[in-house]
Amino acid sequence: MPCGFTTTGANGPSTHGAAAPATDQEVGRYAPRVPGPVHDEGHAPTRKIPRSCEVLVIGAGPAGSAAAYWLAEAGFDVVVVEKKHFPREKTCGDGLTPRSVRQLEDMGLGDDLSRYHRFEGLRALAYGRELLLRWPKHPDYGEYGYVITRAELDALVARRAEKAGATLLEGCEAIAPLGAGAGSGGPAAGAVVSEHSSGTSHDVAARIVIVADGSNSRFGRALGASRDRTIPQGMAIRGYFSSPRHDETWIESHLDLRDETGAVIPGYGWVFPLGDGRVNVGIGIVSSFERWKSMNTSRLMEAFVSRAPASWCLGPESALGEPSGGRLPMGLSVGPRQGPDYVLVGDAGGAINPFNGEGIAYGYETGRIAAAFAAEALLTGDNRVLEGYEAKLTENYGLYFKTASAFMRLMGRPEAMRLLVSTGMYSRTLMEWLLRIMSNLIRTDEIGPAELVYGAIARLAQLAG
Ligand SMILES: Cc1cc2nc3c(=O)[nH]c(=O)nc-3n(C[C@H](O)[C@H](O)[C@H](O)COP(=O)(O)OP(=O)(O)OC[C@H]3O[C@@H](n4cnc5c(N)ncnc54)[C@H](O)[C@@H]3O)c2cc1C
């Protein structure tokens, strides 16, 4: 199909030669399946801000809404403050792996998800070669993922938490912890919450605070959290384009990302089809690359778009607005993640998988784990139970994230990245193992062979120091 003449999926609008929309709202025209806003921007929330609650959740992204859902479902009194109004944009690649899908299905959102764009696996491209890699068979995870905008996804999960009984306060921002010990390991005790529409602030006291305010986590920093700079972080940028290939059932990763001079840069570029006329296109790089600080992600994105396969029809004429980017705190690099009455979840705790930059699944998972410890603390009346949260994170992710971070240090060297990718592209078996390891989808009965590949990766990473 020639560029400029795209047809859309059953649910999407026609985008024949679509001009770039100027605003997020216009981009939102392509998202007809999103649950409608309960409160429009600028409208007062319909509920009054409660003065106290059992659990106060700060931020209604994946981590906060998952924590709120599990606690509300168990009958606890949960208040979630979200500074924006749903549906709201969030800079993301919009890719859900089987790990994310599992969590969403566990929250009862399987039917809602099935209305969105499902994909079978990954098409990896590099150095002129191409491999189609299906999601592996796994007893705990399905063999499919979805691509869904965060405007839609985050609204779905936040509404799910609300339906389970959580009080969701949109347009309400947590400004500062209430506790006197903030910044020195003392309790959070709740938060000062500012209601944007009225310009008023209220104290909301809470027995437990779950900090889920994302990668910049001002609230977490106010409680004394900081990033461990020895662990690499990521930087990524993405934009939307209309494309005739918008309804492909494979997501695409380009593992030989290049700058404008054609030099290979450690990182990858992606094209994720949304099935509604659009594709999400972006690039990600890691801070272990020595030229990291001088990298201009907008220019890298332009270079990627100009080199992407012509059949995607990516270019200024198909771009839907300006790209936007953000930081990826990875490998549990932010801490302490637990204090006397609070825990940090998702990006606020640096919970992104360093291997692939995936953070949505880990937001859902850490939110769910935090909810379990918060529930136990409330039931026993003993907040020391929260100490188990950190131990559980270490048990679940510690070794895996440590190896992944070390591996990313190695991959920060363009030559090492080139060697691995160019070798891998000649071996389907190696690439299938890499996909399984990097997406954290190893079966227990595969631990033998997986350990061989994983061990080789770990040794390589150790060699790199
Ligand atoms: C360019 C890019 C592409 C990415 N692509 C993918 C991908 O394809 N797949 C994937 O799995 N991950 C991806 N990620 C990572 C993913 O976006 C994050 O890991 C994920 O959003 C983390 O969820 P969270 O709930 O911790 O934080 P967030 O999603 O950032 O949610 C935080 C929420 O808190 C709110 N908030 C912040 N401060 C306050 C406050 N003081 N008071 C009240 N509310 C507040 C915010 O408005 C927001 O709604 C990408 C990241 C980037 C930057």
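P336 is found in the loop between β18 (334-335) and β19 (342-344), where helices (H or I, at least four residues) and strands (E, at least two) are DSSP runs numbered from the N terminus. The peptide bond joining G335 to P336 is cis, with omega about 0 degrees. The model is a predicted one, in which local features need pLDDT of at least 70, side-chain atom pairs count only at pLDDT 80 or more, and totals for chains, interfaces and linings use all residues. Residues are numbered from 1 along each chain as its sequence is written. A cis peptide bond also runs from F86 to P87, with omega near -5 degrees; P87 is placed in the loop between β2 and β3.

Positive phi values occur at two residues other than glycine. For C313, in the loop between α7 and β17, phi is near 60 degrees. C313 is buried, as 22 other C-beta atoms lie within 10 Å; a residue counts as buried if 20 or more other C-beta atoms, placed from the backbone, lie within 10 Å of its own. For L332, in the loop between β17 and β18, phi is near 55 degrees. L332 is likewise buried, with 26 other C-beta atoms within 10 Å.

The shell around the ligand contains 42 residues, of which G59, G61, G214, G346 and G359 come nearest; a residue is near if its C-beta atom, placed from the backbone, lies within 6 Å of the molecule. Elements that each supply at least two shell residues include α2 (62-73), β2 (78-82), β9 (172-177), α6 (218-222), β13 (234-242), β17 (324-328) and α8 (360-380). By class, the shell has 16 nonpolar residues (Ala, Val, Leu, Ile, Met, Phe, Trp, Tyr, Cys and Pro), eleven charged (Asp, Glu, Lys and Arg) and 15 polar (the others, Gly among them). Because domain 1 (52-117 + 150-229 + 330-398) and domain 2 (234-328) both give residues to this shell, the ligand lies between them; the domain bounds come from an automatic or database domain assignment.

In helix α7 (residues 297-307), the buried residues are L300, M301, A303, F304 and V305. Their cover includes β13, β15 (267-273) and β16 (278-286), contact being defined by C-beta atoms, placed from the backbone, within 7 Å.

An open sheet of three antiparallel strands has the order β3-β7-β4, with β3 (95-96) and β4 (117-119) as edge strands that each pair on one side only. Strands pair if DSSP finds at least two bridges between them. Two bridges join β3 to β7 (residues 145-147), and L96 stands opposite Y146 in β7.

Methods: A residue is buried if 20 or more other C-beta atoms lie within 10 Å of its own, exposed if 12 or fewer, and partly exposed in between; C-beta atoms are placed from the backbone. Two residues are in contact if their C-beta atoms, placed from the backbone, lie within 7 Å.
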